[in-house]
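Thank you all for coming. I would like to walk you through one model this morning, taking the side chains and then the confidence values in turn.

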Amino acid sequence: MRVAKETVVAIEYTLKDDQGNIIDASGDRGPMEYLHGAQNIIPGLEQGVDGLVAGDTKSVLVPPQLGYGEYSEKLLQLVPLNAFGANTPQIGMRFHAETNLGMRVLTIKKIEGEEVTLDGNHELAGKTLHFDIKVVSVRAAELTELSHGHPHQSGGCCGGGGCGSGEASSEGGCCSTGEASEGGCCSSEEGASASSCCSTEQPVAQPQGGCGSGGCGCSA
Ligand SMILES: [Zn+2]
């Protein structure tokens with residue numbers, strides 16, 4: 001079976017920057033599974049995988065506009081140091097915050113006197129990405145996967161992906177709002193925001209909103 005829309009694809013990948021430094025790799029995490037054609041992964045990588053079959057390997061070059069976007073100065077903002085309250089901000093620190101573009105991951109870029117510069121760009125914005133990929137498996141997506149917009153692992157919806165309980169308990173698919181999954185993704189109202197849930201440990205090839213290895217987009 002070839003990779004096409006409505007197939008679930010598992011790939012192993014290594015991601016390098018222009019200098020050949022490894023930025024991310026599926027490695028010990030195991031292959032990354034995603035639903036093809038559902039914007040689970042960045043467009044440039046998805047285009048690169050299209051039409052391949054299991055066992056194929058390929059190098060895929062992804063320019064910023066098909067990856068994490070160009071670096072935008074508009075996503076820099078200044079906040080007063082005292083906005084951090086008792087927390088001591090440090091350069092490189094990252095956190096989620098509501099911005100006029102919705103919930104985003106912000107990185108502390110600069111601290112000058114009483115002013116802190118926050119950067120809302122993705123850490124890979126403006127970068128050309130060099131992927132070496134291997135297609136591990138390709139299968140037809142199931143109906144529930146198509147309706148949820150992401151693949152399901154053996155445990156059902158988000159079963160193995162660290163997304164709290166399975167879909168049985170959750171109306172409208174996994175990761176709907178307010179689900180009482182302790183420490184899992186999407187456990188609060190934030191789940192409603194496409195960019196905020198499931199914020200930790202996601203493979204870098206997935207845009208914000210992925211969860212666990214399964215890619216739980218919270219769009220259900
Ligand atoms: Zn699901």
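F84 counts as buried because its relative accessibility is 13%, where buried means under 20% relative accessible area, exposed means over 50% and partly exposed lies in between, with a 1.4 Å probe and protein chains only. F95, by contrast, is partly exposed, with a relative accessible area of 24%.

Before I go on, please keep in mind that this is a predicted model, in which local features need pLDDT of at least 70, side-chain atom pairs count only at pLDDT 80 or more, and totals for chains, interfaces and linings use all residues. Residues are numbered from 1 along each chain as its sequence is written, and side-chain values use heavy atoms, with hydrogens and water left out.

How are the rings of F84 and F95 arranged? The structure holds two aromatic pairs, a pair being rings of Phe, Tyr and Trp (its six-membered ring) with centres within 6.5 Å, called stacked if the planes are under 30 degrees apart, edge-to-face if over 60 and tilted for the rest. The ring centres of F84 and F95 lie 6.0 Å apart with the planes at 90°, so this pair is edge-to-face. It links distant parts of the chain, since F84 sits in the loop between β5 (76-80) and β6 (94-99) and F95 in strand β6, eleven residues apart; helices (H or I, at least four residues) and strands (E, at least two) are DSSP runs, numbered from the N terminus.

Turning to the cores, by which I mean sets of buried Ala, Val, Leu, Ile, Met, Phe, Trp, Tyr and Cys residues joined through side-chain atoms within 4.5 Å, the largest has 21 residues, of which I11, L45, V49, L129, F131 and I133 touch the most other members. The largest share of this core, five residues, comes from β9. A second, separate core of seven residues includes V79, F84, I108 and V116.

S26 is found in the loop between β2 (22-25) and β3 (32-35), and counts as buried because its relative accessibility is 4%. Leaving aside residues up to four places away in sequence, S26 touches I11, E12 and Y13, a contact being heavy atoms within 4.5 Å.

Finally, confidence: the mean pLDDT of the protein is 77, and 70% of its residues reach 70 or more, pLDDT being the predictor's confidence in each residue, from 0 to 100. Over residues 159-202 the pLDDT stays under 50, and the model has 87 contacts beyond four places in sequence for them.
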